[in-house]
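Subject: Handing over the structure

Dear colleague,

I am passing this structure on to you, and the notes below say what was found in it. Please keep the view open beside you while you read.

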Amino acid sequence: MTLKPQVYIARKVPAEVEDYIAQHCSYKKWDRLEPIPRDYLFEQLADCEGLLTSGTRIDQELLEHSPKLKVVSNFSVGYNNFDLEAMRSRRVLGTNTPKVLDDTVADLILSLMLSVARRVPELDRYVRHGHWSSKDDESIFGLDVHHKTLGIIGMGNIGQAVAHRGKWGFGMNILYHSRQRKPDAEQALGAEYRSKEELLRESDFIVLMTPLTPETRHYIGEREFALMKPSAIFINASRGATVDEAAMIDALRQKQIFGAGLDVFEQEPVDPNNPLLTMDNVVLLPHIGSATSQTRLEMGMLAARNLIDALNGRRPAQLVRELQSIYES
Ligand code: 8YV
C-alpha cells in the first residue's frame with residue numbers, strides 16, 4: 001500500500017474540497033476564519049509535502065520550516081504572497097486558481113461602477129435616515145454609465161470579462177493598457193490600446209486589474225490621479241498596494257475625481273481610523289471579488305486538483321508562470 005502524501009490545509013475550504021483532498025492525501029487543517037498564526041503553521045509544516053493556502057507569505061523563513069514541501073497551492077488567483085525567488089531556489093512549485101473566478105469578479109466590478117456612479121449606498125443611507133428630497137434635487141444626481149469610456153489597466157482574463165460587460169451590456173467605449181497588446185480583445189470588443197497616461201486622461205471609468213508585483217506597487221499615485229478627469233470613477237479590485245492609498249484619499253477629498261469603488265486596501269482589515277470610512281464618494285467592500293459559494297467551490301476544487309497533481313508528479317493545470325522552469329528543468 002502506498003502512503004498518501006501529507007498536506008496542510010491552512011484555510012477554510014468547502015466540504016466537497018476537503019472530501020476530495022481526503023481521497024488522495026493525509027491532511028491536517030486550520031478550520032477557522034481568522035488567519036493561521038505563522039508560528040503554529042511552521043510547526044504543522046514540518047512533515048508536509050503540500051500546503052493549500054491563500055495569503056500566507058511563502059518566503060525563506062517558511063521554507064526553512066518545511067523541509068519536505070514540494071508544492072504550495074494558492075486558493076486565489078493572485079500570488080503576490082509567493083516569494084518567487086525563494087520558491088525557485090528550493091524548487092517548490094506554486095499554483096493558483098485563475099479563470100474560474102473571472103465572471104464573478106467582473107460582475108462585482110460592474111456593481112462597484114454602478115454603485116459609485118449612481119451613488120447607491122450613499123442614497124440608501126439617505127433614505128434610511130429619513131430623507132426624501134424632490135426628485136429634481138440635483139444634489140442627489142449621479143453620473144451615467146452607459147456609452148461612457150471604460151479604461152481597463154491590466155487586460156487579463158478578468159479585465160476582458162469587465163470589458164465584455166461594459167461593451168455589450170452598457171455600450172461603453174473600451175480602452176486598455178496592459179503589459180502586452182491583446183489582439184483578440186481589440187478585435188472582439190473594439191478595445192483600443194492606450195499608454196497609461198492617455199488612458200487616465202480619456203477614461204470616465206478606470207478599472208485597475210493588474211497583479212501586484214514589485215513593478216506595480218503604487219502603480220496609481222498622485223501623478224496618475226492628477227491626470228484623471230474630475231468626473232472620473234476609479235475602481236480597484238486587484239490588490240490594495242497597487243494604489244498609493246494616501247494619494248487616492250487626497251484626490252477624493254479635493255474632488256480631483258468623482259469617486260472610487262474599492263474591494264481591496266493597503267491594510268486589510270481596514271484600519272478603523274482610515275479616512276475612507278468617513279467619505280461619501282467611495283463604495284467600500286471587504287475584499288469579496290470572488291465571494292460566491294459557487295465560485296469559491298470551483299476555486300477550491302481547482303486548488304485541490306493543482307495540489308494533488310503536483311504531489312503525484314503530474315504537471316498541475318495552473319502552475320504559476322514564474323515557476324514553470326522548476327518543472328521543466
Ligand atoms: C481570494 C483573491 O478571493 O483570488 C484572489 O486573488 O483576491 C483572494 O482574496 C481569496 O483567497 C478566497 O478566499
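Is the crossing of H5 and H7 right-handed or left-handed? Before the reply, please bear in mind that this is a predicted model. The crossing of these two helices, H5 and H7, is right-handed. Helix H5 covers residues 102-117 and helix H7 covers residues 157-170, and they pack with their axes 8 Å apart at an angle of about 55°. That angle makes H5 oblique to H7, since an angle would have to be under 35 degrees to count as roughly parallel, or between 65 and 115 to count as roughly perpendicular. On the H5 side the residues that meet the other helix are Asp102, Asp103, Val105, Ala106, Ile109 and Leu110, and on the H7 side they are Asn157, Ile158, Ala161, Val162 and Arg165. Sorted by class, this contact of H5 with H7 has seven nonpolar, one polar and three charged residues.

The crossing of H1 and H12 is right-handed. Glu16, Val17, Tyr20, Ile21 and His24 of H1 make the contact with Leu297, Gly300, Met301, Ala304 and Ile308 of H12, and the residues of this contact divide into seven nonpolar, two polar and one charged.

Turning to the sheets, you will find an open sheet of five strands, in the order E2-E1-E3-E4-E5 and with parallel pairing. Strand E2 (26-29) and strand E5 (93-95) stand at the edges with a single partner strand each, so one side of each is left without a neighbour in the sheet. On average, and with direction ignored, neighbouring strands of this sheet are turned by 15° against each other. Helix H12 (residues 293-311) packs on the sheet, where it touches E1, strand E3 (50-53), strand E4 (71-74) and E5, and its direction makes about 170° with that of E4. Within the sheet, strand E1 (residues 6-9) pairs with E2 in the parallel sense over four bridges, and valine 7 has tyrosine 27 in E2 as its bridge partner.

There is also an open sheet of seven strands with parallel pairing, whose order is E8-E7-E6-E9-E10-E11-E12. Its edges are strand E8 (192-193) and strand E12 (282-284), and each has a single partner strand, so one side of each is left without a neighbour in the sheet. Strand E6 (residues 149-153) and strand E9 (residues 205-208) pair in the parallel sense over four bridges, and the bridge partner of isoleucine 153 in E9 is leucine 208.

Which residues surround the ligand? They are Ser54, Phe75, Ser76, Val77, Gly78, Leu101, His287, Gly289 and Ser290, and this shell divides into three nonpolar, six polar and no charged residues.

Two details of the backbone remain. Most residues other than glycine have a negative phi, and most peptide bonds are trans. The peptide bond from glutamate 268 to proline 269, however, is cis, with omega near -5°, and proline 269 has its place in the loop between strand E11 (259-262) and E12. Arginine 91, in the loop between helix H4 (84-90) and E5, has a positive phi, near 55°.

Methods. Residues are numbered from 1 along each chain as its sequence is written. This is a predicted model: local features need pLDDT of at least 70, side-chain atom pairs count only at pLDDT 80 or more; totals for chains, interfaces and linings use all residues. A residue is near a molecule or strand if its C-beta atom, placed from the backbone, lies within 6 Å of it. Ala, Val, Leu, Ile, Met, Phe, Trp, Tyr, Cys and Pro count as nonpolar, Asp, Glu, Lys and Arg as charged, and the others, Gly among them, as polar. Two strands pair if DSSP finds at least two bridges between them. Axes are lines fitted to C-alpha atoms, for helices over the stretch in contact, and angles run from 0 to 180 degrees between N-to-C directions. Two residues are in contact if their C-beta atoms, placed from the backbone, lie within 7 Å. Angles under 35 degrees count as roughly parallel, over 145 as roughly antiparallel, 65 to 115 as roughly perpendicular and the rest as oblique. A crossing is left-handed if the near helix is turned anticlockwise from the far one by less than a right angle, and right-handed if clockwise.
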